[in-house]
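Trainee: I've got a model open and would like to learn how to read it. Can we go through some features together?

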Amino acid sequence: MKICVMRLRLCPAVLALPVVLATGCGEGAQGRTCPDGTGKDLSGRAVAGVELWQKTLRCVNLEGSALTGSVSEANLSRGNLFGAQLAEVSLESVDLRDADLRRARLASATLGEVDLRGADLGTAVLDESLLTNVSFEGAKLRGATLRSVTLTNVDFGDADLSDADLAGATLSDTTLRGARLDGADLSHTSWDNVVCPDGTKSVGTRSCAGHLVPAS
């Protein structure tokens, strides 16, 4: 309790200091940036996909930005896309490893050959998106919304999908091996050759019912 009181007293004072110091207030309200502060700052602005085409922009800051169009062959690993608007965008061969996409909106987006290993997509929205050859291995999707999403050859190995909404999703040739699905909504979900969390193969259209807990 003493620590919390001290923070409350300090935050108003911090407002008079440089913004870089003020980020300590309201923990969780901002995205994660690279510790060394490197990375191009494109935060809070409209960004045309062509600006990122075939670019190496590790640690890029796109927090709160609105991305439009399509992006191809870009390296945005460890980028900050917290709260970014990416509805209806097309991402092809994009590296988003370890990126922060919490609260990002990718509704009706198209993702192909996208690497999201280790990324954080907590409470992100991917409703009605089309994902092909995408890796979420070890990613965090706690509370993410993936309603009516189409997943083809997608890897959720060891991913955290706790409380995720996958209602009406279509899973084909996809792996959930080791994935956590505690509290996830899988109602009206379609299954086609899916590897279940416990490693069992869901042959044909058989669901993963009874095999949703990772093998110990």
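**Reading the features**

Mentor: Start with the second largest pocket: its lining residues divide into three nonpolar, three polar and six charged. Here Ala, Val, Leu, Ile, Met, Phe, Trp, Tyr, Cys and Pro count as nonpolar, Asp, Glu, Lys and Arg as charged, and the others, Gly among them, as polar. By the way, this is a predicted model, where local features need pLDDT of at least 70 and side-chain atom pairs 80 or more, while totals for chains, interfaces and linings use all residues. Residues are numbered from 1 along each chain as its sequence is written, and side-chain values use heavy atoms, without hydrogens and water.

Trainee: Which residues line the second largest pocket?

Mentor: A pocket is an open set of points on a 1 Å grid over the protein atoms alone, where a 1.4 Å probe fits, with protein on both sides within 12 Å along at least five of seven lines; lining residues have an atom within 4 Å of a point. In this one they are R32, T33, C34, R78, G79, D98, A99, D100, G118, A119, D120 and K140. The second largest pocket holds about 160 Å³ of space, a volume filled by probe spheres set on points joined across faces, edges and corners.

Trainee: How do I read a pair of aromatic rings?

Mentor: You describe it by the distance of the centres and the angle of the planes. Rings of Phe, Tyr and Trp (its six-membered ring) pair if their centres lie within 6.5 Å, and planes under 30 degrees apart count as stacked, over 60 as edge-to-face and the rest as tilted. Searching the whole structure gives one aromatic pair. The centres of F136 and F156 are 4.9 Å apart with planes at 5°, so they are stacked.

Trainee: Where in the chain are F136 and F156?

Mentor: They're 20 residues apart: F136 is in the loop between strand 6 (130-132) and strand 7 (150-152), F156 in the loop between strand 7 and strand 8 (170-172). Strands are DSSP runs (E, at least two residues), numbered from the N terminus.

Trainee: Is F136 buried or exposed?

Mentor: Buried means under 20% relative accessible area, exposed over 50%, partly exposed in between (1.4 Å probe, protein chains only). F136 is buried, and F156 is too. G138, by contrast, is partly exposed at 37%.

Trainee: Which residues is G138 in contact with?

Mentor: Contact means heavy atoms within 4.5 Å. Leaving aside neighbours within four places in sequence, G138 touches G118, G157, D158 and A159.

Terms used. Helices (H or I, at least four residues) and strands (E, at least two) are DSSP runs, numbered from the N terminus.
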